[in-house]
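Student: Please walk me through this structure, and spell out the cut-offs as you go.

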Amino acid sequence: MMSENAMSVYYWGCYGWILVGFFCIAIPAGKEFYKIFKSKKPSERSK
Amino acid sequence: MLNGAMGYIILIIFAFVFIGISGLVSKKFPAEGVDDFVVAGRGIPFGIIAASVMISWVWTTTIMGAAEAGTWYGVSGGFNYMWGAALPFFFFIPLVLHLRKIMPKCTTFTEFIRERFGNTVSTIFFIFGLAVVLYVVTEQGVGIGIAFNTMLNIPYWVGAVVPIMIVAVYISRAGLRGSIFNDVIQFFIVCVIFIVCIPIILKSIGMDNIYNGLMDVVNNQDNPNYNPQALSMTSISGLKYGLIAAIVAMGQVLLDQGYYSKAIATTSRKDLMRAYIIGTLLGWAPIPVLSGNVFGTALISLGIGEGHGVASLSEAAPYIMNMVFGTGIGSLLFILMVFMAGMTTGGNGLAGAQALFTVDFYKKVKPDATERQQLAFGKKVTIVIGLVVAVAAVMLQGVSLLKIDIFSGILFAAPTASLFAGLMWKKTSPVVAVVSMAAGLIGGLITYFMIEDPNNAQFFGNLVALVLPYLVIVIGSLFSKYEFDFSKLKNYEPAQKVSIKEEA
């Protein structure tokens, strides 16, 4: 059976997990998203 | 308290935002051909795909179902939901990486099946692929309909039909690229809601209160949620639940063209692997664990159970949101999460169906069709599928989603073995593939109906549907003289124009 400390570590650890996951995805995704929308249309790019 | 008028306002705002984004995407990136429309020209980079994979795998049940699992199995509930639903991706990733390697110009998995096993088997897989999409999108519509009905008091059918049609319109206009770009926006919104709400809920209820409440669940037989294993991570019933989740999810991932389309849309195989691993393990996985812990165990720690404060344990997540944030903002945040989870999953499914119909179906029906005609057909058929799903969602009001889930597991697990074998083993013949599917389906259903205990029936029915086809394939292929030449897939040229980069 889990102790109170272990449960706290588990719950807050999962919170840390989502933070890590969010930043690992959000930073490159944000940059790529910005780059794509700032770029020219694909048809213009290939000219 | 939010009222019906607020519900309609939310729906109208969502409709404007999503359809507006699809308009922007289709204006900024007009489809230059079928490949550009259904797999975004195969040029979407890692981060965007990771966000898209993560959010499209967040179903309404990832939040509400995992929260319910937390009420049933305590601290192991969300975790078991997570590994069960994540496992299929670790079958899907090597499978799709291998597919891109052996058949670089492939777009749909049914296209591969046609080249590998012939038209008959491809048609069977097309039907399975379409059934998965109809099932997945309908389930999202039902989930959103229930949430809008119970929390905003607007008619169920409006809550189910309007979101489905919004998704159908934006996928129809903007194709896979529109779906992916919408996913990224919704990834940010859902993650921010989670990141902001979770610590507030934990602080508000208090870790010590949750623990003491769970101790009562473990020790007090009069507790409405009495469960001696509520504080154990090795609960046997929880592990069994995870295994069923894995089998049910196996077909939902391996037969959903939406995931193939995204994998094929990724710039390179290396980016594809990174995006799917990070999107699943780092992005998606904490969502069900946190839902199980923070919504599910928090609810039972308060002494609330079925008939003791809530009508059903599936109300765990909205109950906790309303309790901590008040019925106004709590309802709004919860509705936002469920709506976006459903919309992104539905969009992924519809984009997959669009690819199946545009690339495969229409070319079979009209072999001399131009790419322009294919595109026009793909756009129209997306709206038609949306309408079919909307009608199905309305008809399913009040039907147990759990029962549908059980049968979907048996139905969709059966073909996965032949898909795998088709990619990996030259000795598997079309006949063996069909026999394996039939054996899995019939064996799974017989097992389900022959076992009296409903939990065991569900577990063993799904297990037989998944495992029996593998046995049939191994035995059938070993005794077969059939050999497929994989090298011919390398030079496969689809009807539509496809440009690919050479990869190692």
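Tutor: Helices here are DSSP runs of H or I with at least four residues, strands are runs of E with at least two, and both are numbered from the N terminus. This is a predicted model, in which local features need pLDDT of at least 70 and side-chain atom pairs count only at pLDDT 80 or more, while totals for chains, interfaces and linings use all residues. Residues are numbered from 1 along each chain as its sequence is written, and chains are lettered from A and ligands numbered from 1 in the order in which they are written.

Student: OK, what follows helix 9 of chain B?

Tutor: That is B:Gly206, which has a positive phi, near 95°.

Student: And where does helix 9 of chain B bend?

Tutor: At B:Gly175, by about 120°, taken as the angle between axes fitted to the seven residues ending there and the seven starting there. Helix 9 of chain B has 50 residues, yet its end C-alpha atoms are only 32 Å apart, whereas a straight helix would reach 74 Å (1.5 Å times one less than the number of residues).

Student: Which helix of chain B gives the most to the side that touches chain A?

Tutor: Helix 9 again, with 8 residues. Overall, 35 residues of chain B are in contact with 26 residues of chain A, contact meaning that C-beta atoms, placed from the backbone, lie within 7 Å. Other elements giving two or more residues to this side of chain B include helix 3 (46–56) and helix 13 (269–284).

Student: Switching topic, how is chain B divided into domains?

Tutor: Into domain 1 (4–401) and domain 2 (414–485), with bounds from an automatic or database domain assignment. Their C-alpha centres lie 27 Å apart, and the contact between them takes 20 residues from domain 1 of chain B and 16 residues from domain 2 of chain B.

Student: Which helix gives the most on the domain 1 side?

Tutor: Helix 11 of chain B, with 7 residues; helix 6 (89–102), helix 7 (109–117) and helix 8 (119–152) of chain B are among those that each supply at least two.

Student: Last one: what is the radius of gyration of chain B?

Tutor: Taken over C-alpha atoms, it is 23 Å, close to the 23 Å that the globule rule gives for 504 residues, so chain B is as compact as a globular protein of that length. The rule is 2.2 Å times the number of residues to the power 0.38. The C-alpha atoms of chain B fill a box of roughly 65 × 55 × 40 Å along the principal axes, and chain B has 21 helices and 2 strands.

Notes
Two residues are in contact if their C-beta atoms, placed from the backbone, lie within 7 Å.
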